[in-house]
Amino acid sequence: MPEKILLVDDHTLFAEGLKYLLGTYGIEVAGVAKNGLEALKKARALKPDIILMDIIMPGCSGIEALKLIKAEMPEIKIVMLTTSEEDEDLFQAVKIGASGYLLKSMNGDELIDMIKDLQSGGM
C-alpha cells in the first residue's frame, strides 16, 4: 500500500469522507488540500506517493495543478477525480501525465483496488 496519499478537493465533506474511507482500509492520508495551489505546496512538503485530485476547483484547477506538480515532481502518481466520464479535461489530464481518473460515483472497493494497482505500477 502507498505510504502517503494527498487528497485534493474543494468539497470538504467529500474529502473528509474519502479520508475516512481510506482509513478504514488502513490507508493513511498524509494531507488534504482545497485547491490546486494548496496541492502544490502540500506536495512539496509531504512528498506523497499518490495524489487524488478533483479536476474542477476554484482558483487553480486540478489540470493546472497537475501541470505544476508533474513539472516539479514527476515521480508522484496523480489520479484525477471527476463526476463525468465525458469530461474533456480527462484526455488532457492523461496527456499531461495523470496516471488515470476516478469517477466520484465509484464504490469504496473499486477505489481501494485502483490504489493497489497504481502502487504496483498499473494505471
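Reader: Where is Met57 found?

Author: Met57 sits in the loop between S3 and helix H3 (62-72); helices (H or I, at least four residues) and strands (E, at least two) are DSSP runs, numbered from the N terminus. Before going on: this is a predicted model, where local features need pLDDT of at least 70 and side-chain atom pairs count only at pLDDT 80 or more, while totals for chains, interfaces and linings use all residues. Residues are numbered from 1 along each chain as its sequence is written, and side-chain values use heavy atoms, with hydrogens and water left out.

Reader: Okay, is Met57 buried or exposed?

Author: The cut-offs are under 20% relative accessible area for buried, over 50% for exposed, and partly exposed in between (1.4 Å probe, protein chains only). Met57 has 9% relative accessibility, so it counts as buried.

Reader: Which residues is Met57 in contact with, leaving aside its neighbours within four places in sequence?

Author: Contact means heavy atoms within 4.5 Å. On that basis Met57 touches Val8, Asp9, Asp10, Lys34, Asn35, Gly36 and Gly62.

Reader: How many bridges join S1 to S2?

Author: Four, between S1 (residues 5-8) and S2 (residues 29-33), which run parallel. The chain gets from S1 to S2 through helix H1 (residues 12-24), and this β-α-β crossover is right-handed: with the strands pointing away from the viewer, the path from the first strand over the helix to the second runs clockwise. For a landmark, Ile5 has Val29 as its bridge partner in S2.

Reader: And how do S1 and S3 pair?

Author: S1 pairs with strand S3 (residues 50-54) in the parallel sense, over four bridges. Leu6 stands opposite Ile51 in S3.

Reader: What about helix pairs: at what angle do H1 and H5 cross?

Author: Two packed helices are described by the angle between their axes and the distance between the axes. Axes are lines fitted to C-alpha atoms, for helices over the stretch in contact, and angles run from 0 to 180 degrees between N-to-C directions. The axes of H1 and helix H5 (residues 108-119) cross at roughly 70 degrees and come within 11 Å. The two are therefore roughly perpendicular; angles under 35 degrees count as roughly parallel, over 145 as roughly antiparallel, 65 to 115 as roughly perpendicular and the rest as oblique. Leu18, Leu21 and Leu22 of H1 meet Gly108, Leu111, Ile112 and Ile115 of H5.

Reader: How do H3 and H4 cross?

Author: At roughly 5 degrees, with the axes of H3 and helix H4 (residues 88-96) coming within 10 Å. That makes H3 roughly parallel to H4. Ile63, Leu66 and Lys67 of H3 make the contact with Asp89, Gln92, Ala93 and Ile96 of H4.

Conventions
Two strands pair if DSSP finds at least two bridges between them.
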